[in-house]
Amino acid sequence: MNLFSDFQTRITHIIEKLVGEKRLPPGLDMAKFGVEPPRDASHGDLSCNVAMVFARDIKEFYANPRQLATEIGFELAKMPDVAEAEVAGPGFINIRLKPSAFADVLRACLEQGPQFGASQSNGLKVNVEYVSANPTGPMHVGHGRGAVFGDALASLLAFSGAAVTREYYINDAGAQVDVLARSAYLRYCEALGETISIPEGLYPGDYLVPVGAALAQSHGREWLGKPESVWLVPVRDAAIDAMMGMIRSDLAALNIRHEVFFSERSLHIPHNGKSDVDIAIDLLQAKGLIYEGRLPPPKGQLPEDWEDREQTLFKSTGFGDDVDRPLKKSDGSFTYFASDIAYHNRKIASGFDILVDVWGADHGGYVKRMAAAVSALSDKKVELDVKLCQLVKLVRDGAPVKMSKRSGDFVTLREVVDEVGLDAVRFMMLFRKNDAPLEFDLAKVLEQSKENPVFYVQYAHARAKSIFRQAVKAFENIDLSPKSLANADLTLLKDAGEAGLMRLLAQYPRLIEQAAKAHEPHRLAFFLHDLASAFHAHWNAGKDSPQLRFVNEENRELSLARLALVGSITQVLAAGLDLLGVSAPVEMR
RNA sequence: GCACCCGUAGCUCAGCUGGAUAGAGCGCUGCCCUCCGAAGGCAGAGGCCAGGGGUUCGAAUCCCUUCGGGUGCGCCA
């Protein structure tokens with residue numbers, strides 16, 4: 001149950017009724033107004049801006065927005081769960097609910113359990129593509145951020161009613177996997193007793209040592225001293241398989257599992273004479289969006305090897321890009337962009353309504369052309385949202401931890417997960433907007449203090465659980481099942497702290513919905529932190545004022561009502577953490 | 001030179017796609033444990049939302065512009 005969308009519907013009906021009575025003009029866009037929690041709790045439980053939003057449309061019917069607001073407020077006040085609806089400021093309608101409304105929220109929370117806040121299927125097919133690290137080495141912490149972000153976003157979207165596919169795009173074509181093959185070949189030679197030195201430009205990391213050893217084991221001296229043309233392909237394929245195995249295992253350590261691993265190279269393999277790239281290019285060609293032409297050289301620093309030449313271009317400027325983009329390299333092969341067009345065309349052809357790509361911020365310059373391509377391929381029917389994740393600064397006690405992939409001596413994602421645990425990694429990665437840089441302190445995330453948000457939220461959950469343990473000791477034969485708690489007399493919850501907590505719980509379904517719509521899982525992380533904070537505060541209120549404690553041995557009925565509140569909080573904390581992929585411990589000892 | 005992201009308390013950051021008197025943590029000052037987990041909480045001080053224009057009932061949020069930081073800019077992916 002979502003109080004906010006519920007009232008949005010009710011107010012929409014009131015407006016429609018007024019339109020029917022010719023007391024408002026037809027054609028009002030109901031999507032324009034909103035029902036939201038007021039910033040200031042003294043303004044009530046719900047607030048609606050509808051009268052102000054329609055200020056311009058209603059001039060012939062009402063002198064000012066306040067008049068319309070008064071009219072709507074009058075209708076709202078008649079409803080059984082509304083205590084009062086008053087007009088404030090320029091025309092806000094502030095609604096205060098009867099305690100029974102919040103009792104309904106608690107009951108819904110207890111009865112629906114982990115499904116509280118979930119939405120019915122909305123019929124949307126969404127594809128979330130994330131991680132997509134090149135299969136040339138282990139993942140680093142930056143990849144981890146995109147991985148956790150994409151995974152949490154996918155969960156959030158699924159929870160709010162979309163049919164979600166989690167997808168990984170394997171960049172197994174192009175020059176870099178050849179570099180990988182050469183690097184692995186050297187390790188193969190090394191495994192056979194040759195002395196090797198790794199030239200500049202190859203991957204020096206020792207993660208390729210076992211790959212070389214395995215090749216030596218399976219193929220003996222067969223490729224030793226032979227030209228690249230003999231061994232490149234088999235070594236490359238073996239190395240990519242090994243790297244993808246390693247990446248999958250790194251992802252598994254973070255509880256991340258994709259449904260689809262899509263190979264870039266497969267896009268170039270013809271079926272019935274045509275590859276996916278051919279098909280996509282043909283499609284654009286048919287739309288008249290491909291031409292042969294010249295590009296002006298980039299302003300500022302001219303590249304050393306710049307050569308002005310005729311090339312095959314996609315008319316991306318027709319869809320908001322700055323320049324048209326080349327589809328073929330000078331050697332005639334397709335650019336990465338061409339493959340990516342084909343890849344996204346596959347996704348469009350699969351019937352997805354929304355495509356979400358999670359990329360590193362260093363690919364920001366690529367967004368416009370990809371959005372242009374999706375727009376062109378789908379005739380503007382499919383939306384592409386590219387989420388850029390800013391880089392992660394790894395520090396320990398404030399001092400930077402060096403990372404350098406070139407030297408092969410970098411801190412891998414796996415090392416960080418092994419050191420601090422997946423809960424800490426996942427929560428911290430989500431406790432920041434995706435487009436803001438993130439400082440990840442290896443020492444701080446293990447601290448057991450309120451400075452560490454992971455601990456703070458998990459502690460709230462453990463603390464809530466401890467109240468239940470306490471209640472079992474205090475009362476004989478007490479039934480603390482959700483069903484039993486839902487039957488408690490919830491009107492006994494009258495304290496301001498209790499009301500504040502219930503108000504927060506009532507906002508959870510809306511928060512989920514909005515975070516999913518905005519593709520911003522961090523909002524959920526911050527909400528859980530807020531809920532934990534309110535809970536800790538109310539707990540402490542019980543220290544100063546014993547009559548506020550959740551467990552009151554003299555008053556079983558009151559205790560049951562309060563335990564229903566605690567149970568709801570526990571439920572939302574656990575479910576919210578679960579959506580983020582973080583565990584909710586029963587105790588912190 | 002151009003494009004994209006960012007600029008909010010001394011520091012690190014939220015701000016719910018335009019709402020009411022801009023919030024939290026750290027740090028600083030002063031408090032709260034014979035009592036459900038003090039691994040926590042309460043109170044106080046601290047702001048020209050980088051600057052300037054505009055859009056409207058209403059702007060930290062949208063548009064333009066200046067300044068400052070980051071990321072990119074055919075034949076890497």
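This is a predicted model: local features need pLDDT of at least 70, side-chain atom pairs count only at pLDDT 80 or more; totals for chains, interfaces and linings use all residues.

Modeller: Residues are numbered from 1 along each chain as its sequence is written, chains are lettered from A and ligands numbered from 1 in the order in which they are written, and side-chain values use heavy atoms, with hydrogens and water left out.

Biologist: How many helices and strands are there in chain A?

Modeller: Helices (H or I, at least four residues) and strands (E, at least two) are DSSP runs, numbered from the N terminus. The C-alpha atoms of chain A fill a box of roughly 85 × 65 × 45 Å along the principal axes. Chain A has 18 helices and 15 strands.

Biologist: What percentage of the residues in chain A is buried?

Modeller: Buried means under 20% relative accessible area, exposed over 50%, and partly exposed in between (1.4 Å probe, protein chains only). Chain A has 589 residues, and the buried share is 50%.

Biologist: What separates the centres of domain 1 and domain 2?

Modeller: The bounds come from an automatic or database domain assignment. It gives domain 1 (3–97), domain 2 (175–253), domain 3 (392–445) and domain 4 (453–580). Taken over C-alpha atoms, the centres of domain 1 and domain 2 are separated by 67 Å.

Biologist: Which helix gives the largest share of the lining of the largest pocket?

Modeller: On a 1 Å grid over the protein atoms alone, a pocket is an open set of points with protein on both sides within 12 Å along at least five of seven lines, a cavity is a set where a 1.4 Å probe fits but cannot get out, and lining residues have an atom within 4 Å of a point. The largest pocket holds about 970 Å³, and of its 44 lining residues His-140, His-143, Gly-360, Asp-362 and His-363 are closest to the centre. At least two lining residues each come from α5 (141–159), α10 (336–349), β11 (354–360) and β13 (392–396). The largest share, five residues, belongs to α5.

Biologist: What is the volume of the largest cavity?

Modeller: Grid points are joined across faces, edges and corners, and a volume is the space filled by probe spheres set on the points. One cavity reaches 30 Å³ or more. Both α1 (3–20) and α16 (496–518) supply at least two residues of its lining, which has six nonpolar, no polar and two charged residues. The space inside is about 40 Å³.

Biologist: Which side chain makes a polar contact with the side chain of Glu-129?

Modeller: Glu-129 sits in strand β5 (residues 125–129) and counts as buried because its relative accessibility is 4%. A polar contact is a pair of N or O atoms within 3.5 Å; within protein, one must be able to donate a hydrogen and the other to accept it, and residues adjacent in sequence count only if both atoms are side-chain atoms. At 2.8 Å, the partner is Ser-132.

Biologist: What is the phi of Ser-132 near?

Modeller: Ser-132 is in the loop between β5 and α5. It counts as buried, since its relative accessibility is 14%. Its phi is positive in a residue other than glycine, near 45 degrees.

Biologist: Is Tyr-343 buried or exposed?

Modeller: Tyr-343 lies in helix α10. Setting aside neighbours within four places in sequence, its contacts (heavy atoms within 4.5 Å) are Glu-129, Glu-167, Tyr-169, Phe-262 and Leu-267. Its relative accessibility is 0%, so Tyr-343 counts as buried.

Biologist: How far apart in space are Glu-111 and Ala-486?

Modeller: Glu-111 belongs to helix α4 (residues 99–112) and counts as exposed because its relative accessibility is 58%. Glu-111 and Ala-486 are 375 residues apart in sequence, yet their C-alpha to C-alpha distance is 7.2 Å.

Methods: Ala, Val, Leu, Ile, Met, Phe, Trp, Tyr, Cys and Pro count as nonpolar, Asp, Glu, Lys and Arg as charged, and the others, Gly among them, as polar.
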